[in-house]
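Colleague: Could you walk me through this one? I'd like to hear about the contacts between its parts.
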Amino acid sequence: MKRRRRTRGTFEQTAAPLLFLSPNLLIFSLFIIVPAVMGLRMSLFDWSILDGSRFVGFRNFVRLARDAMFWKTLLNTFVYVGAVVPLLVAFALGLAVLLARPGRAMGVFRSLFYLPTLLSLIIVGIAWRWILGFDLGILNYIIRALGGKAVPWLTNGRLAMSSLIFMTLWTRVGYFMMMLVGGLQAIPETYYEAARIDGAGRVATFRRITLPLLRPMLLVVAVLATIESFKAYELIFVTTQGGPGSATKFLVQYIYEVAFEQDRMGYGAAMSVVLMAIIAVFTFAQFVARREEFGNE
Amino acid sequence: MTRRNLLLMAFGLLVGLLPMGAVAQGSQKITLSVLWFNDSNESQVFQKVMADYLASHPNVRLDMQVVPFNDYENKLKLMIAGGNPPDVARITNNQIAMFVNQLQPLTGPVFSDLAAHYFPSSLALGSDSSGRLLAMPTEATANGMIVNKTYFRRAGIDVDKLSLTWDWDQWVAAMRKVLAANPTCKYGVAVDFTPFRFSTFLFEAGGRFLTDGGTKMAFDSPAGLDALNFFKMLHDQGLAPASVWMGSENPQEMFAAGLVACHIGGSWLINAYNNTVKNFDWGAVRMPKRKIRSSVPGGKWIATFKDSRHKQAALDLIAAFSDKKHNEAYCRDTFNLSARQDADIVYPSHTADFKVFSSDLSVTPAYTAEDWKSPGLNKIYSYMREQIVEGLLGHQTMAQTAANIDAQGDTFLR
């Protein structure tokens, strides 16, 4: 048997990739890994920004179980994520299928749908508040002018949640649509030609060719939309401030209140750890589901 | 030369060189970092007012950093936590409670002399629990009411006269008349979406948030329930818009648009409406009475920190800024109430409206300041607001609202 010779490799094969990766690794470690580890540590302390810290073990996590507002905001977050993610994926997919074809008009429409994603969420929130305000809102002004009754878009808990879901879709669908357009354009045209020759209709082509080949991109979209929705804060805070009452208060806003208003950084960090675990579980579950699906195929 | 002469010469040299050292130290360039936020034009006025001080202290320079109010508190907290607080900062009364252990006490004859000229309620808010002054008031604010006088006139009500003696019931009756006489006016009153403004009703009803000494919540009381139920009645009967407390609509915009007849807010509204409202006659009137007449004192303060780099220079600047001349100029140009008792300010306009707010402030009990400077109370600020809204929405009774607020507050007061 021939003995395998160990080669040292050239600079391009060994050191160069590491050098190229190092700035990203450094920034990632500095701004993601280190704060995450510090957050984990902080969750085990009774930690005040101004008055120091005291080790309390898992007491912050035990306290969470009895915190009614934690459960309320967690439930609100799940309602929001549960509505936003499927709708976002469905609308983004629908728009991508409609607008993936080449042509100037398609490009214009794609740009129009993408445009809201370029706006700051603060601006989006302020603009929608002007539109949906009960007394000063433009929409209710039009409804009243047409002889209708003003709608409490942001003053009724359920309508406020629905309005937030709609606003999120409006502002984020263009971004995910563009990702899926990219995915659709990467599917070779020859598959569609073969399907046409075999006599497949539009629905069958979509189900048998587009959807299976787009699944990896759909998974990325679903994962990103899930993470983004769990972390939603700016748009909600500017539009409803979590109200009316706590009807649209999500976990991230509660974490902010606890950590910064009440100066209970340790307790806030414990909630952040729980949120991180939930996001990790959802992301992992999506990857597992995808892997199992591939296995079945 | 004898030994005695040598010693005398050495002493003479030493004495002669001392002033030189002092001059050298005095002329050392100092850049004071100043952290500020604006309600309107305060940072510009501060710099304008202090121009003469800087001219007479050529070694002192100001490095002003103006931060939006929403980011201000966190920025200041992080600077303090990082061991790098600003030399001078503009702060609110909530922040005095928050930074009570970090603020540099203002002691010595200069500050004792200055304090003698200020309203005790303003000084109380600027002091710690032992009465030690931590910050000088730059301006006073008071909760109060601005009304659309055109609407009241159309309803045949002389609101200036009526408001001298009115109580809550008479005020409600007047609002109903105004609504009947003015079809464009949709609501009687808009109250700013803060527990601080709501507390005007609590104090007028004779209630308090805290017990004497501030060790326990006392909101759940007959007076507290009276205030809460009255506030709910205003909303249930359509006298107050649901869209402010339950929908985050801006009451200032509603008043300026002529949708509400009265606005309960802060004295700084005089400045705001002076700039924005041109199409109707408006002015400040006294708050209506329940058990007592009351406002809620507030304001802004100027302070330095124990860990500030140029503490002495900062203290000198604060003292100069707080004297009569500088304080009057600052309050006049920022269109604010002065916290100095001896202030005699003629504002460019609306001097009479400022006097109304001062009048409300003059009858305000000192315990209102004691309650609001409690760090525990300030920690449940968002919770209080949410709980009041839950009561307004009918998700819980107002008795439950009061009980919940007390229970939550007590966890921070323990």
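Predicted model: local features only at pLDDT ≥ 70, side-chain atom pairs only at ≥ 80, totals over all residues.

Colleague: How many residues of chain B are in contact with chain A?

Modeller: On the chain B side there are 26 residues, and they are in contact with 18 residues of chain A. Helices H4 (69-81), H13 (242-245), H14 (251-256) and H21 (381-393) of chain B each supply at least two residues of that side, and the largest share, six residues, comes from H21(B).

Colleague: And what is that side of chain B like by class?

Modeller: The side of chain B that touches chain A has eleven nonpolar, eight polar and seven charged residues.

Colleague: Changing topic, how is chain B divided into domains?

Modeller: Domain 1 of chain B takes in 29-141 + 299-353, while domain 2 takes in 143-297 + 360-413, and their C-alpha centres lie 28 Å apart. Their contact takes 22 residues from domain 1 and 19 residues from domain 2, with the domain 1 side divided into ten nonpolar, ten polar and two charged residues.

Colleague: Over in chain A, how do H3(A) and H9(A) cross?

Modeller: The axes of helix H3 (residues 68-99) and helix H9 (residues 202-230) of chain A come within 9 Å and cross at roughly 150°, and the crossing is right-handed. Among the residues making the contact are Val84(A) and Leu88(A) of H3(A) and Ala222(A) and Phe230(A) of H9(A).

Colleague: How many charged residues does that contact have?

Modeller: The contact of H3(A) with H9(A) has no charged residues, its classes being twelve nonpolar and three polar.

Notes: Residues numbered from 1 in each chain as written. Chains lettered and ligands numbered in written order. Contact = placed C-beta atoms within 7 Å. Helix = DSSP H or I, 4+ residues; strand = E, 2+ residues; numbered from the N terminus. Nonpolar A, V, L, I, M, F, W, Y, C, P; charged D, E, K, R; others polar. Domains from an automatic or database assignment. Axes fitted to C-alpha atoms, helices over the stretch in contact; angles between N-to-C directions. Left-handed = near helix turned anticlockwise from the far one by under 90°.
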